[in-house]
Structure formats: structure tokens, C-alpha cells
Amino acid sequence: MAKFAQWTIGDVTVTQIVELTFQGLEDFLPDATPEAVLPIEWLQPDFITPEGVLRFSIHALVIDTGDQRIVVDTCVGNDKPREFFPDWHMLQTDFLSDLETAGYPAESIDTILCTHLHLDHVGWNTMLVDGKWVPTFPNAKCLIERNEFAFTNDESTNEDIEPWLRDMNRTVMADSIQPLADAGLLELIDNDHRICDEVRLIPTPGHTIGHVSVEISSKGESGLITGDFIHHPCQLVHPEWSVSTDYDQQQSRESRGRVFSAIADTPTLVIGTHWPPPTAGRVVREGTAYRLEI
Ligand SMILES: [Zn+2]
């Protein structure tokens with residue numbers, strides 16, 4: 001039986017459903033060389049290998065308020081053609097049965113929130129049934145920030161952008177977003193949207209144009225689901241390190257600086273969208289930067 005990490009924030013629980021863990025991606029975060037990360041002692045053994053290679057995870061986070069079940073980011077998904085990312089191409093995992101085992105059958109989900117529209121955050125929005133992409137969560141509305149949707153939609157039709165990116169956006173829109181629109185399940189929202197009393201979005205642009213993070217508050221406790229404004233805990237020590245796929249690297253630096261300084265040395269539980277187990281902790285100030293306290 002699969003085991004699932006779970007965190008409690010007041011009356012709210014957050015459950016992690018892991019699709020993949022992996023290590024590497026040297027070109028993705030080019031400043032994070034072994035020489036640069038090995039001296040950061042707290043990154044071992046969970047967040048980097050003994051050789052200084054970064055560890056990552058792709059997972060969904062289920063927020064359960066008692067009244068609302070919200071899935072934040074839906075990973076890569078099964079059967080999706082993703083030729084530009086061979087490790088994620090035509091994936092087959094037990095994600096959906098793991099979700100059910102954790103107590104969340106697909107039909108019990110009320111809301112899907114995509115922090116942004118990259119392929120590893122929208123995949124399980126749909127699944128392949130009899131050769132057609134159908135909504136995986138038939139009773140869930142899917143929330144997408146409106147600028148994010150407009151930009152990705154535009155990129156998928158714009159003949160001037162790099163062909164591989166245009167083709168990828170076109171494919172992702174067609175197999176993971178459009179079927180929800182066709183089913184009347186898509187809802188475009190503002191970047192500070194409140195989903196319910198306990199859950200609201202905050203804008204954290206830079207990685208993408210309309211990127212959002214998720215704030216949870218209940219009974220005086222608080223949590224933050226990062227999305228991809230930070231990919232790896234080493235960026236707490238080096239908030240200036242941006243990933244190669246950031247739409248606006250300077251803006252993503254500003255988002256990290258703003259959020260880290262606001263939550264540092266507070267009890268807010270930070271749950272990283274690509275952080276490998278243990279995936280969550282509290283941000284504390286150390287020198288001129290930060291550290292994760294697990
Ligand atoms: Zn991602």
C-alpha cells in the first residue's frame with residue numbers, strides 16, 4: 001500500500017500524491033553546480049545526492065478543508081505525447097489509483113487548481129478513454145489564472161515563437177485544457193482569487209506570466225503551496241538562481257525575495273511543488289538568505 005505524506009494546517013489537511021521522483025536537470029538550474037550546493041550542509045541527504053546532484057519530485061497536493069477537496073497541480077498524466085521530454089513521454093503511472101487509495105477518488109474532487117500551464121502541472125486534468133481525452137475529475141471545476149490562459153493560448157497559435165514551444169503549448173492546450181472547456185468545467189480567475197474561506201491565491205509571477213501560489217489558513221495556522229516560483233530548496237540560499245525556463249528571470253527573483261522575506265521566521269508551513277520528500281518545512285533567515293527547517 002502506498003504511503004502518502006500528509007500535513008495539517010488547522011482543520012485543513014494537505015495530502016501528497018507523488019507521480020515521479022528524479023534527480024539531475026543540470027541545465028535547468030545551471031547555477032546549482034555540485035561545487036555550489038555541496039557546501040550547503042542541510043541539503044543532504046534529502047534534497048541533493050552525495051555527489052551534489054539535485055533531487056526533484058512531481059506530485060499533486062490535495063487540500064481537504066472538510067467542505068472542499070482541491071487538487072493543486074495535476075502532474076504529467078498518463079498516455080500524453082511529450083516528445084520533447086522523453087522521461088515524461090507516454091507515461092504510465094498508478095497516480096489515479098494512488099489518489100483513490102489516499103481517500104480521494106476522482107469523482108470526489110471539487111476543484112482543480114493549476115498554478116500555471118506547464119505540462120507537469122496540467123496532465124491529469126484529462127485522461128484517455130476510448131481514444132478521447134476526457135476530464136479525469138468529472139465533478140471538478142478547473143481554475144486557471146486568466147492571463148496565464150491567454151498567454152499560453154496565444155503562444156500555441158503564434159507562428160513567430162520557437163516551433164518546439166508552440167507545438168508543445170498547442171499539444172498541452174489540446175489534450176489537457178480544451179477538453180475541460182468543452183465540458184464547461186474551465187473557470188478563468190484573477191491572480192488573487194479566493195477559493196474558499198481557508199484557501200486563496202497569491203500572485204507569484206516570473207516563472208510564467210500568470211503564475212500563482214496557494215495560501216492556506218485555518219485556526220490561526222498557515223501554509224503555502226509554492227508552485228514553481230521556486231523549484232528546489234537550494235534557491236532559499238540563493239534566491240537569485242533562476243531556472244532556464246523562467247519566462248522572466250528577474251521577476252521570478254523578485255517573487256522569491258518578496259515571499260521569502262514575508263514568511264521567514266514565521267510558523268507558515270511551506271510545501272514545495274517540486275521538492276522531494278520531506279517536501280515541506282519552515283523558512284528561517286540565515287545570514288543574508290534563508291534555510292529550510294524541516
Ligand atoms: Zn513544474
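1. Which residues of the largest nonpolar core touch the most other members? They are Ile 63, Val 72 and Ile 112, out of 69 residues in that core. Strand β3, residues 55–64, gives the most to this core, with six residues. As background, nonpolar side chains in soluble globular proteins tend to be buried together. Keep in mind while reading on that this is a predicted model.

2. Let's stay with Ile 63 for a moment. Skip its neighbours within four places in sequence, and Ile 63 is still in contact with Val 12, Val 14, Ile 70, Val 72, Val 199 and Ile 216. Notice that Val 72 turns up in this list, and that Val 72 is also among the residues touching the most other core members.

3. Now zoom out to the whole protein. You can count six helices and 16 strands. Along the principal axes, the C-alpha atoms fill a box of roughly 55 × 45 × 40 Å. A compact globule of 294 residues would have a radius of gyration near 19 Å, and the protein has 18 Å, so the two agree.

4. How much of the chain is tucked away? Of the 294 residues, 44% count as buried. As for who touches whom, take the contacts with a separation of 6 or more: 66% of them come from residues 24 or more positions apart.

5. Next, the sheet. Seven strands make an open sheet with mixed pairing, and you can trace the order β1-β2-β3-β4-β5-β8-β9. The edges belong to β1 (6–9) and β9 (186–189); each has a single partner strand, so one side of each is left without a neighbour in the sheet. From one strand to the next, the twist averages 25 degrees.

6. Inside that sheet, have a look at β3 and β4 (residues 69–72). The two run antiparallel and are joined by four bridges. Follow Asp 64 across and you land on Arg 69, its bridge partner in β4. Helix α3 (residues 146–155) packs on the sheet too, touching β8 (141–145) and β9. The direction of α3 makes about 80 degrees with that of β8.

7. Last stop: Gly 287, in the loop between β15 (280–286) and β16 (289–293). Is Gly 287 buried or exposed? Its C-beta position has 7 other C-beta atoms within 10 Å, and the cut-off for exposed is 12 or fewer, so Gly 287 counts as exposed. In sequence, Gly 287 sits 50 residues from Val 237, while in space the two are 9.3 Å apart, C-alpha to C-alpha.

Key. Residues are numbered from 1 along each chain as its sequence is written. This is a predicted model: local features need pLDDT of at least 70, side-chain atom pairs count only at pLDDT 80 or more; totals for chains, interfaces and linings use all residues. A nonpolar core is a set of buried Ala, Val, Leu, Ile, Met, Phe, Trp, Tyr and Cys residues joined through C-beta atoms within 7 Å. A residue is buried if 20 or more other C-beta atoms lie within 10 Å of its own, exposed if 12 or fewer, and partly exposed in between; C-beta atoms are placed from the backbone. Two residues are in contact if their C-beta atoms, placed from the backbone, lie within 7 Å. The radius of gyration is taken over C-alpha atoms; the globule rule is 2.2 Å times the number of residues to the power 0.38. Two strands pair if DSSP finds at least two bridges between them. Axes are lines fitted to C-alpha atoms, for helices over the stretch in contact, and angles run from 0 to 180 degrees between N-to-C directions.
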